[in-house]
Amino acid sequence: MTQQLPDVPPTTEPPLTGVRNFRDVGGLPAGDGRRVRHGLLYRSGHLAHATDDDAAFLAGLGLHTVFDFRNAADQALEGPDVELPGVRNVNIPLTDPADGAEFWQMVRDGDLDQLRDLLGDGKAAARMRYAYRSIMTERTAEHSRVVHALAEDSMPALMHCAAGKDRAGLSIAVVLLAVGVERDAIEEDYLKSNDPRGRYKVHRSDSSPAGMSPEVLELLDPLFTARSEYLETAYATIEETWGSTERYLTEGLKLAAPTRERLRARLLDG
């Protein structure tokens with residue numbers, strides 16, 4: 001059963017040092033006067049570097065499930081999530097570890113000329129838009145599994161990928177669309193991933209001033225920034241593929257009306 005926690009917003013920033021981009025998505029408006037309840041749905045970057053204090057804080061949230069959307073390559077790079085007592089860890093990769101392996105190797109190890117060729121002239125942003133389209137069209141089974149789990153018994157839940165921006169961002173967006181949260185509100189939450197305090201730390205084999213020069217960081221920026229155009233690409237993909245959000249939910253995610261109503265009852269106040 002879903003734990004019924006008090007629906008009160010957090011009063012202070014969570015004291016996390018090894019987990020980045022953490023937040024409660026509670027409080028977002030669902031379009032009918034209701035709001036997403038606090039303390040039921042969280043998002044973050046990976047938990048692999050959580051300190052003991054971080055783990056204690058997360059354990060105190062009463063989580064039922066942690067959804068990890070990283071693939072095997074991500075986990076090899078960062079490490080596995082810390083284990084939280086009594087919390088179920090579910091790994092649902094939203095990207096193939098072989099997909100783009102050479103690309104990300106070049107991001108980490110390439111010199112300036114290689115990065116210019118790989119990422120310059122809008123190529124980095126184009127790659128991100130392609131990734132968002134692919135996840136929306138190719139990972140409907142995975143997203144269906146997530147929303148059905150939340151409708152049944154998996155909340156409070158924490159969703160994360162590596163940075164907590166793209167795969168987790170899209171998964172959170174899908175859940176919020178299913179309960180009627182407006183796109184503007186979803187975007188506002190999505191863009192919070194740009195807070196400098198929570199941004200993913202870029203991995204570069206050359207961490208010298210040359211290897212992390214302003215031009216290098218500018219070339220990498222589209223990969224590590226949440227941009228409205230990326231989320232708009234996901235929405236456009238829904239419209240192009242299914243014709244409407246409703247058809248995406250019912251046909252793409254196989255989300256029947258009773259299940260959707262159960263999800264709304266669990267996640268929304270009132």
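Is Arg247 buried, partly exposed or exposed? Arg247 is partly exposed, because its relative accessible area is 42%, and buried here means under 20%, exposed over 50% and partly exposed in between, with a 1.4 Å probe and protein chains only. This is a predicted model, in which local features need pLDDT of at least 70 and side-chain atom pairs count only at pLDDT 80 or more, whereas totals for chains, interfaces and linings use all residues. Residues are numbered from 1 along each chain as its sequence is written, and side-chain values use heavy atoms, with hydrogens and water left out.

Arg247 lies in helix H11, residues 245-252, where helices are DSSP runs of H or I with at least four residues, numbered from the N terminus. Leaving aside residues up to four places away in sequence, Arg247 touches Trp242 and Gly252, contact meaning heavy atoms within 4.5 Å. The side chain of Arg247 also reaches the backbone oxygen of Trp242 at 3.2 Å.

Helix H7 (residues 167-178) and helix H10 (residues 228-242) pack with their axes 11 Å apart and at an angle of about 50°, the axes being lines fitted to C-alpha atoms over the stretch in contact and the angles running from 0 to 180 degrees between N-to-C directions. H7 is therefore oblique to H10, since angles under 35 degrees count as roughly parallel, over 145 as roughly antiparallel, 65 to 115 as roughly perpendicular and the rest as oblique. On the H7 side the contact is made by Leu170, Ala173 and Leu177, and on the H10 side by Leu231, Ala234, Tyr235 and Ile238.

Conventions:
Helix = DSSP H or I, 4+ residues; strand = E, 2+ residues; numbered from the N terminus. Polar contact = N/O pair within 3.5 Å; in protein donor to acceptor, adjacent residues only side chain to side chain.
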